[in-house]
Amino acid sequence: LFYFSRLKLFLIPMVFFMLLCIWLAPSLLIWLAGDKYSDITLLLRLQMLLVTLQLLGNPVGLVLYAWGFSKLFAILNFIQMILQLIFDMIWIPQYGAIGALGTSILVHIVGIIFIYTSVIYVLRLKDKRG
């Protein structure tokens with residue numbers, strides 16, 4: 001629990017900072033680099049959202065590794081790989097780079113839901129045992 005209390009001190013401000021970046025960075029990039037980058041706004045925002053999701057999932061996932069749930073992670077990674085392949089084949093031909101980023105975002109959301117649900121379940125289980 002100490003780890004989670006320390007992690008909140010990082011994750012909460014980081015999420016607000018990343019949301020601010022998602023909102024401001026495309027305009028700043030266009031202002032700095034010129035109008036030739038005006039069509040990159042959506043891609044940049046999706047990429048920063050993906051990084052934010054990675055930052056939300058990875059530190060909490062470390063807890064599951066520390067608790068010895070590496071087999072569970074192997075299953076999750078296999079499921080994520082299958083989802084990545086399926087949705088990439090569907091979305092990339094139709095949406096290009098935006099489809100690829102959309103697939104990666106979907107896969108990371110699945111991972112975050114799995115990780116957070118697993119950690120909450122294990123913590124509740126430990127609470128019941130005393």
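Phe-87 has a relative accessibility of 24% and therefore counts as partly exposed, a class that lies between buried (under 20% relative accessible area) and exposed (over 50%), computed with a 1.4 Å probe on protein chains only. The model is predicted, so that local features need pLDDT of at least 70 and side-chain atom pairs count only at pLDDT 80 or more, while totals for chains, interfaces and linings use all residues. Residues are numbered from 1 along each chain as its sequence is written, and side-chain values use heavy atoms, with hydrogens and water left out.

The structure contains two aromatic pairs, where rings of Phe, Tyr and Trp (its six-membered ring) pair if their centres lie within 6.5 Å, and planes under 30 degrees apart count as stacked, over 60 as edge-to-face and the rest as tilted.

| Pair | Centre to centre | Angle between planes | Class |
|---|---|---|---|
| Tyr-65 and Phe-73 | 4.3 Å | 10 degrees | stacked |
| Phe-87 and Trp-91 | 4.9 Å | 55 degrees | tilted |

In the stacked pair of Tyr-65 and Phe-73, Tyr-65 is partly exposed with a relative accessible area of 42%, whereas Phe-73 is buried at 6% relative accessibility. Phe-87 and Trp-91 both belong to helix 3 (residues 70–95), where four residues, about one turn of the helix, separate them; helices are DSSP runs (H or I, at least four residues), numbered from the N terminus. Trp-91, at 25% relative accessibility, is partly exposed.

Val-110 is located in helix 4 (residues 97–129) and is partly exposed, at 28% relative accessibility. Between Val-110 and Leu-83 the C-alpha to C-alpha distance is 9.5 Å, with the two residues 27 apart in sequence.

Notes
Helices (H or I, at least four residues) and strands (E, at least two) are DSSP runs, numbered from the N terminus.
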